[in-house]
Amino acid sequence: MEDTKSKAEDKMKKSLASLRDEFNAIRTGRASAALFDKIRVDYYGQKTPLSQVANISVPEARLVVIQPWDKSLLGEIEKAIQTSELSVNPNNDGKVIRINIPPLTEERRKEYVKHAKGLAEQCRVAVRNLRRDANEELKKKQKSGELSEDAEKRSADEIQKLTDKYVAEVDKLLETKEKEIMEV
C-alpha cells in the first residue's frame, strides 16, 4: 500500500518538475538564461545543449550575452537561436552573441498566458491520471486479498490528498508564471 502511494507521489513530482521546465522556456518580458535551455547546437556532429558549449549571462534586464568556449561555434549558435521558437535576433560581434529581449506586446503576452494555462492543465490531467492508476492498483490489491477494504479506503484517501496537493502546486506555479508574463 505504501509503495503504491510513494510511486504515485514520485510520478506526480516528476510531472511538476516537467511543468517547471516547460514554464522556464516560456518567454517573459525579462531576459533569462533559462530561455535557452531547449536550444541545441551542432557541436562536432552532436546536438549539444547550448549551456554545455557556452556561458550564458544576463547583465541587464533585457539583454542576454552568450560567450562560447570555442569561438568557431559562434555561427552555429547564432543559427540555432534564429531557428528556435524564441523569435529573437542575435547580434554576433565575432566574440560573443548579444540578444536584446524586446518587450512583449499585449497580444503576445496573452498568447503566452494561454499556452501556460494549457501546459498547466496537461499537468493537472497527468496528476489525476496517476491518481486513477494508483486507485486501480489499490482495488486490485484489495480484490486479491493483499489489502483489507478499510486499508484500501484509507490509502485512496491519502492518494486523493496527494492529488489535491499537487494540483494546488500546479495552480501556484501557473499563477506565478502568469504574473511574470503580464509584468510590463
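The lining of the second largest pocket divides into five nonpolar, four polar and five charged residues; here Ala, Val, Leu, Ile, Met, Phe, Trp, Tyr, Cys and Pro count as nonpolar, Asp, Glu, Lys and Arg as charged, and the others, Gly among them, as polar. This is a predicted model, in which local features need pLDDT of at least 70 and side-chain atom pairs count only at pLDDT 80 or more, whereas totals for chains, interfaces and linings use all residues. Residues are numbered from 1 along each chain as its sequence is written, and side-chain values use heavy atoms, with hydrogens and water left out.

**Pockets**

- A pocket is an open set of points on a 1 Å grid over the protein atoms alone, where a 1.4 Å probe fits, with protein on both sides within 12 Å along at least five of seven lines; lining residues have an atom within 4 Å of a point.
- Grid points are joined across faces, edges and corners, and a volume is the space filled by probe spheres set on the points.
- The second largest pocket holds about 170 Å³ of space; of its 14 lining residues, R20, F23, N24, K177 and E180 are the closest to its centre.
- Helices α1 and α4 each supply at least two residues of the lining of the second largest pocket, and the largest share, four residues, comes from α4.
- Helices (H or I, at least four residues) and strands (E, at least two) are DSSP runs, numbered from the N terminus.
- In the largest pocket the space amounts to about 410 Å³; it is lined by 17 residues, of which A25, I26, K38, E85 and L86 are the closest to its centre.
- Both α1 and α3 supply at least two residues of the lining of the largest pocket, with α3 giving the most, four residues.
- Eight nonpolar, two polar and seven charged residues make up the lining of the largest pocket.

**Salt bridges**

- The whole structure contains 18 salt bridges, each being a side-chain nitrogen of Lys or Arg within 4 Å of a carboxyl oxygen of Asp or Glu.
- One of them pairs K141 with D3, the closest N and O atoms being 3.2 Å apart. K141 lies in helix α3 (residues 106-143) and D3 in helix α1 (residues 2-25), so the pair ties together parts that are 138 residues apart in sequence.
- K141 is buried, at 13% relative accessible area, while D3 is partly exposed, at 39%; buried means under 20%, exposed over 50% and partly exposed in between, with a 1.4 Å probe and protein chains only.
- A network of salt bridges links D3, K7, E137 and K141.
- E9 and K165 meet through their side chains in a salt bridge of 3.8 Å, N to O. This pair links distant parts of the chain, 156 residues apart, with E9 in helix α1 and K165 in helix α4 (residues 149-182).
- K165 is partly exposed, with a relative accessible area of 44%.
- D171 and R124 form a salt bridge whose closest N and O atoms are 2.9 Å apart. Here D171 in helix α4 is linked to R124 in helix α3, 47 residues away.
- D171 is partly exposed, at 35% relative accessible area, whereas R124 counts as buried, at 12%.

**Strand pairing**

- Strands β1 (residues 40-43) and β2 (residues 46-49) run antiparallel and are joined by four bridges; two strands pair if DSSP finds at least two bridges between them.
- D42 stands opposite K47 in β2.
- The two strands β1 and β2 form a hairpin with two residues between them, and Y44 in the turn has a positive phi of about 55°.
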